[in-house]
Amino acid sequence: MNGIMNYYNDFKLLITQKEIKRKINQLAKRINADYRGKTPILISVLKGSFMFLADLIRELTIDVEIEFIELSSYGDSTESSGEVSVIKWLSKEIRQRDIILVEDIVDTGLTVSTLLERLEKHNPQSLKVCTLTSKPARREIEVPIHYLGFEVPNKFIIGYGIDYGEKYRNLSEIYYLKNE
Ligand code: PRP
C-alpha cells in the first residue's frame with residue numbers, strides 16, 4: 001500500500017495491485033489475439049487512463065500506436081457537470097485505422113458516448129472501447145464496452161489514475177471513498 005493512504009481513514013481498498021495486474025494480463029491477451037497482424041491506435045482519455053494505458057501496452061505483443069485525448073466533465077468535483085469539453089484532441093488522422101478507446105472508468109457513459117460519436121465521424125476501420133472499470137449503477141447513456149476490467153459499486157473510487165480533487169492518481173491500487 002502506498003504510504004500516503006496511512007494518513008487517511010476515509011478510503012477503503014477495493015482492487016489490489018495484484019488484481020489489476022492479473023486483469024490487465026487477461027485483457028492484453030484478448031487484444032493481442034483480436035488484433036493479430038494489425039496496428040491499432042490506442043486512444044487514451046486523459047488524465048485518468050494514463051496509468052492503465054501504460055501498463056496495458058507493456059503487455060501487448062502486437063504493434064500499437066498511442067494517442068491522447070483530454071476531456072473534462074468533472075472538474076474538481078465528485079459529480080459530473082453533465083457537459084464534456086475538449087481540452088486536447090487527436091494529433092493524427094484515424095481514418096481507416098483500428099481504434100481502441102482506453103478509459104479508466106465508464107460512469108454515466110456521457111464521455112464515451114460523446115467520444116464514440118465524434119470519432120465515428122473520422123471513419124475509422126473499427127472502434128472499440130476498453131475500460132479498466134465500469135460503474136453500471138450510474139449509467140445514463142448505454143455505451144458498448146468491448147474490453148472490461150472490473151465492474152465497481154456505486155461509490156466514488158480513487159487511485160490507479162483516478163483522482164479526487166486531482167489527488168491520489170499515483171496510488172497503485174483502487175480505493176473507494178467511505179461515507180459518501
Ligand atoms: C472521468 C473518467 C472518464 C469520465 C467518466 O474523467 O476518466 O473519462 O470521467 O465519466 P462519465 O462516464 O460519467 O462521462 P474526468 O472528467 O474526471 O477527468 P480525468 O480523467 O482527468 O480525471
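The questions and answers below concern helix packing and salt bridges in a predicted model.

Me: What is the handedness of the crossing of α1 and α2, left-handed or right-handed?
Reply: The contact involves I24, L27, A28 and I31 of α1, which meet F52, D55 and L56 of α2. The crossing of these two helices is right-handed.

Me: How many residues of the contact of α1 with α2 are charged?
Reply: From α1 come I24, L27, A28 and I31, and from α2 come F52, D55 and L56. Six of the contact residues are nonpolar and none is polar. Asp counts as charged, and the number of charged residues is one.

Me: Which strands do the buried residues of α3 pack against?
Reply: In α3 (residues 110–120), the buried residues are T111, V112, S113, L115, L116 and L119. The strands they pack against are β2 (41–46), β3 (65–72), β5 (98–106) and β6 (126–134).

Me: How many residues apart are K47 and E166?
Reply: The side chains of K47 and E166 form a salt bridge, 3.0 Å from N to O. This pair links distant parts of the chain, with K47 in the loop between β2 and α2 (50–57) and E166 in the loop between β8 (157–158) and β9 (174–177). K47 is partly exposed at 36% relative accessible area, and E166 is partly exposed at 35%. The separation of K47 and E166 is 119 residues.

Me: Where does E65, the partner of R97, lie?
Reply: R97 and E65 meet through their side chains in a salt bridge of 3.1 Å, N to O. R97 is in the loop between β4 (85–88) and β5, and its partner, 32 residues apart, is in strand β3.

Me: Are K135 and D107 buried or exposed?
Reply: Their side chains meet in a salt bridge of 3.8 Å, N to O. K135 lies in the loop between β6 and β7 (147–151) and D107 in the loop between β5 and α3, so the pair ties together parts 28 residues apart in sequence. Both K135 and D107 are buried.

Me: Which residues do salt bridges with shared partners join into one network?
Reply: The model has eight salt bridges, one of them between K47 and E166. The network consists of K47, D163, E166 and R169.

Terms used
Residues are numbered from 1 along each chain as its sequence is written. This is a predicted model: local features need pLDDT of at least 70, side-chain atom pairs count only at pLDDT 80 or more; totals for chains, interfaces and linings use all residues. Side-chain values use heavy atoms; hydrogens and water are left out. Buried means under 20% relative accessible area, exposed over 50%, partly exposed in between (1.4 Å probe, protein chains only). Helices (H or I, at least four residues) and strands (E, at least two) are DSSP runs, numbered from the N terminus. Contact means heavy atoms within 4.5 Å. A salt bridge is a side-chain nitrogen of Lys or Arg within 4 Å of a carboxyl oxygen of Asp or Glu. A crossing is left-handed if the near helix is turned anticlockwise from the far one by less than a right angle, and right-handed if clockwise.
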